[in-house]
Amino acid sequence: MGLDRRLVCDLIMHIPMLTMGMVAAAMRSGGSLRDSLVEWWDFEDNSAATVFTGQKNSHPLNLINAQTTATQSNASGRRGRASNWSNANSNDAGQVPRAVTAFDFGDQSFTFGMWVNFNQMPSDDLGRFLMGRYGDFTTSANYGLFIGTLAGAQRFQLIVRNSAAASSITVQHATAMPLTTGAWHLAIGAHDHVNDELVFYVDNVKMTQSWSQGINSGGTGNFSVGNGRKGDNTYLDTTRTVGHKADSAFVMNRLITDGEVNYLWNAGAGKNYADLIADGM
C-alpha cells in the first residue's frame, strides 16, 4: 500500500506540470505567422493617397503613373476593400522602392501570396504578372505569380529564376482550371530551401516541384503588384498584365505551413491582418 500511495502522489504532483507544458506550447505557437511577415497589405486605403499601406513593417506599395488609392481601390474585396488593376495592357502598378532589399531573398525559404479575382481572361499564351519581384525575363527575374493560358486553359503559374545560370522554371497549378472571371482564389508560392522544392497552393490545394538551383536575388527589379517593375521608373511589359482585383497580399521570410495556408484560406472566406492579431497568428 505504501508503494501505491507514492505512485499516486507522484502522478498528482506531475499533473500540473504536464498541463502547464501544454499551455506553454500553445502560447509559443501564437503569432508565428504574423511574426514571420516581411509585409502584409489589406488594401483598405481609399483616398488621394498614392500608396497602399503596409500593415506589418511600414513597406507601402507606391502607386505608379500618378494613381491614387481612390482610383486603384475597389469596395468588393475578399475582406473589405481590394486593390483594383482593372485593365490589361496597363503599366499601372504598386511597388516597393528598389532601395528596400527586404524582398530580395535569394537561396532561402520564403513565401508570398494573395487573393485574386479576375475581371477578364486572357486568351493568348503569355504569362501575365500578378505579384512578385520580376523585373524582366533575364537577369532581374526572381520570383512571381502569374496567370497563363495554354490551349484555352487559364491557370495560376509560379515562375522563378535560379541564382546562378540563366535558368528558370514555370510551375502550373491545375486547381480551378480553367480560371474564370468573378471568383476569388488564394494563390501562394513558396521556396523550400531545405527540401529543394517549389511549393504552390491555389486555394488550399498544395503541389510541389523539385528545384535545387536556388532563387535569383540580384537584378534591379522591384517587388510589385499589378505589373512587374524593372526598377523604380520602368515597367516589365504592358502585354504582361491582366485586369484583376487583389486582396490580403503578403510576403513571409520562411516557408509557410499547410496549417497556416488552411487558416488563411478560412473555408474560402479569407483573413485580414486584424484577424491575425485577434487570432494570435
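Asp258 is partly exposed, with a relative accessible area of 43%; partly exposed denotes the range between buried, under 20% relative accessible area, and exposed, over 50%, computed with a 1.4 Å probe on protein chains only. The structure is a predicted model, in which local features need pLDDT of at least 70 and side-chain atom pairs count only at pLDDT 80 or more, while totals for chains, interfaces and linings use all residues. Residues are numbered from 1 along each chain as its sequence is written, and side-chain values use heavy atoms, with hydrogens and water left out.

The side chain of Asp258 meets that of Lys206 in a salt bridge, at 3.2 Å from N to O. Asp258 belongs to helix α3 (residues 258-265) and Lys206 to strand β14 (residues 205-210), so the pair ties together parts that are 52 residues apart in sequence. Helices (H or I, at least four residues) and strands (E, at least two) are DSSP runs, numbered from the N terminus. Lys206 is also partly exposed, at a relative accessible area of 40%. A salt bridge is defined here as a side-chain nitrogen of Lys or Arg within 4 Å of a carboxyl oxygen of Asp or Glu. Side chains of opposite charge can pair when their charged atoms come close.

The whole structure contains 7 salt bridges. In one of these, the side chains of Glu260 and Arg254 meet at 2.6 Å, N to O; Glu260 counts as buried, at 6% relative accessibility. Another salt bridge joins Lys271 to Asp279, with the closest N and O atoms 3.2 Å apart. Lys271 is buried, with a relative accessible area of 13%, whereas Asp279 is partly exposed at 41%. Arg98, Asp104 and Arg133 are linked in a network of salt bridges.

An open sheet is formed by 8 strands in the order β2-β3-β6-β15-β8-β9-β10-β11, with antiparallel pairing. Strands β2 (51-52) and β11 stand at the edges with a single partner strand each, so one side of each has no neighbour in the sheet. Two strands are taken to pair if DSSP finds at least two bridges between them. Within the sheet, strands β8 (residues 128-134) and β15 (residues 223-225) run antiparallel and are joined by 3 bridges, and Met131 stands opposite Val225 in β15. Strand β1 (residues 37-41) has 5 of its 5 residues buried, so this strand is largely enclosed by the rest of the structure. Strand β1 runs antiparallel to strand β18 (residues 244-252), to which 4 bridges join it; Trp40 has Phe250 in β18 as its bridge partner.

Val171 is located in strand β11 (residues 168-172) and is buried, with a relative accessible area of 4%. Not counting residues up to four places away in sequence, Val171 touches Phe156, Gln157, Leu158, Leu198, Phe200, Met207 and Gln209, a contact being heavy atoms within 4.5 Å. The C-alpha atoms of Val171 and Leu145 are 9.8 Å apart in space, and the two residues are separated by 26 residues in sequence.

Gln154, in strand β10 (residues 153-161), is buried as well, at a relative accessible area of 11%. Its side chain reaches the backbone oxygen of Pro122 at 3.1 Å. Beyond its neighbours within four places in sequence, Gln154 is in contact with residues including Met121, Pro122, Ile147 and Met177.

Thr69 lies in the loop between β3 (61-63) and β4 (73-74) and is buried, with a relative accessible area of 0%. A polar atom of the Thr69 side chain lies 2.9 Å from the backbone nitrogen of Ser47. Outside the four places on either side in sequence, Thr69 is in contact with Asp45, Asn46, Ser47, Ala49, Val51, Phe52 and Leu63.

The largest nonpolar core has 38 residues, and those with the most contacts inside it are Trp41, Tyr143, Phe156 and Phe223. Strand β7 (residues 110-118) gives the most to this core, with 5 residues. Apart from this core lies another, of 20 residues, among them Ile188, Met252, Ile256 and Leu276. A nonpolar core is a set of buried Ala, Val, Leu, Ile, Met, Phe, Trp, Tyr and Cys residues joined through side-chain atoms within 4.5 Å. Not counting residues up to four places away in sequence, Tyr143 touches residues including Phe103, Phe105, Arg133, Ile159 and Phe223.

Notes:
Polar contact = N/O pair within 3.5 Å; in protein donor to acceptor, adjacent residues only side chain to side chain.
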